Amino acid sequence: FSIANNDVIGSEALIRWQHAEKGNISPMEFIPLAEKNNMIVEIDRFVFEKVCQDIANWHKAGMKRIKVSVNVSRAELYQKDFLYFIKRIIKKYQIPYESLEIEITETMAVIDFANIKKILQEIRSLGIGISIDDFGTGYSSLSALHKFPIDVVKLDRSFLLSAEKDDNGIALLKMVILLAQKLGLDIVCEGIETNEQLDLLTKLNCDYGQGYIFSRPIPEDEFRNNFLK
């Protein structure tokens, strides 16, 4: 959401497992298992195609056009046919590349800088946006901002929690926001839950926010009806 006017400007695709007997299973449980069993690429591709299908349906219905970010695993980035897969699915659903944003974690990026950078440049050249998620949890945060071909920085909520504790936390949050903006990057603060946090980010001129104060994760049909009409 835009912090300035509260308008929805984008969304993030999340996955949940509705188990027949155990109910809702968190991705914190099944994603590590999928990575261990080499099923994570299948999940990545399922989510990517579902997102493209949803975007196509929204556009056909004349709904508001926003960008959707899709999380991609390191295993998927290394697939030789990853770019071909992206092009094939987007062509299948006839949606603009600019409708999508690929989201990676900062930790993932710094593990294999040279190769990841090359892959991201190729993706970005198509017109797809690139965002770094959980920014601030890795060990080379500031250098990642200017070395990687990215468009969006998503600040980990730990920045916001630190800013609530003391002036040093506020100064750090302000510095990171200003730095990202100086580099021409959009900045999204994650985990906003209270009006006090929102007021602070407004004072610090943060661009965008994500968190429960705006909306909890909701099913696609509810999102479409509440935010795209």
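This is a predicted model: local features need pLDDT of at least 70, side-chain atom pairs count only at pLDDT 80 or more; totals for chains, interfaces and linings use all residues.

Student: Let us begin with His59. Why does His59 count as buried?

Tutor: His59 has a relative accessibility of 15%. The term buried applies under 20%, and therefore His59 counts as buried. His59 is placed in helix α2.

Student: Which residues is His59 in contact with, leaving aside its neighbours within four places in sequence?

Tutor: They are Arg65, Pro96 and Ser99. Contact here requires heavy atoms within 4.5 Å.

Student: What makes Arg65 exposed?

Tutor: Its relative accessible area is 57%. Exposed means over 50%, so Arg65 is exposed. Arg65 is located in the loop between α2 and β4. Not counting residues up to four places away in sequence, Arg65 touches His59 and Pro96.

Student: Why does Pro96 count as partly exposed?

Tutor: Pro96 stands at 31% relative accessibility. Buried is under 20% and exposed is over 50%, with partly exposed in between; therefore Pro96 counts as partly exposed. Its place is the loop between α4 and β5. With sequence neighbours within four places left aside, Pro96 is in contact with His59 and Arg65.

Student: What is phi of Gln94, and where is Gln94 placed?

Tutor: Phi of Gln94 is near 55°, again a positive value in a residue other than glycine. Gln94 is in the loop between α4 and β5. Its relative accessible area is 64%, and the cut-off for exposed is over 50%, so Gln94 is exposed.

Student: How do you know that the buried residues of α10 are on the same side of the helix?

Tutor: The buried residues in helix α10 are Gln197, Leu198, Leu200 and Leu201. They cover an arc of only 160° around the axis, and this puts them on the same side of α10. On the other side of α10, Asn195, Glu196 and Lys203 are exposed.

Student: What covers the buried residues of α10?

Tutor: The covering elements include α8, α9 and β8. Asn205, which follows α10, has a positive phi, near 60°.

Student: Why does Leu155 count as buried?

Tutor: Its relative accessibility is 0%. That value is under 20%, and therefore Leu155 counts as buried. Leu155 is in strand β7. Among the residues that Leu155 touches, not counting those up to four places away in sequence, are Phe135, Leu173, Val176 and Ile187.

Student: Which residues have the most contacts inside the largest nonpolar core?

Tutor: They are Phe48, Leu77, Leu100, Ile123, Leu155, Leu173 and Leu201, in a core of 68 residues. The largest share of this core, 10 residues, comes from α2. Leu173 touches Leu155, Phe159, Leu160, Ala163, Leu200, Leu201 and Leu204, again not counting residues up to four places away in sequence.

Student: Finally, how do the lining residues of the second largest pocket divide into nonpolar, polar and charged?

Tutor: There are 7 nonpolar, 1 polar and 2 charged residues. The lining includes Arg16 and Glu42. Arg and Glu count as charged, so Arg16 and Glu42 are charged residues of this lining. The pocket has a volume of about 210 Å³. Its lining draws at least two residues from each of α1 and α2, and the largest share, 3 residues, comes from α1.

Note on methods. Residues are numbered from 1 along each chain as its sequence is written. Side-chain values use heavy atoms; hydrogens and water are left out. On a 1 Å grid over the protein atoms alone, a cavity is a set of points where a 1.4 Å probe fits but cannot get out, and a pocket is an open set with protein on both sides within 12 Å along at least five of seven lines; lining residues have an atom within 4 Å of a point. Grid points are joined across faces, edges and corners, and a volume is the space filled by probe spheres set on the points. Helices (H or I, at least four residues) and strands (E, at least two) are DSSP runs, numbered from the N terminus. A nonpolar core is a set of buried Ala, Val, Leu, Ile, Met, Phe, Trp, Tyr and Cys residues joined through side-chain atoms within 4.5 Å. Buried means under 20% relative accessible area, exposed over 50%, partly exposed in between (1.4 Å probe, protein chains only). The arc is that of the directions from the helix axis to the C-beta atoms.
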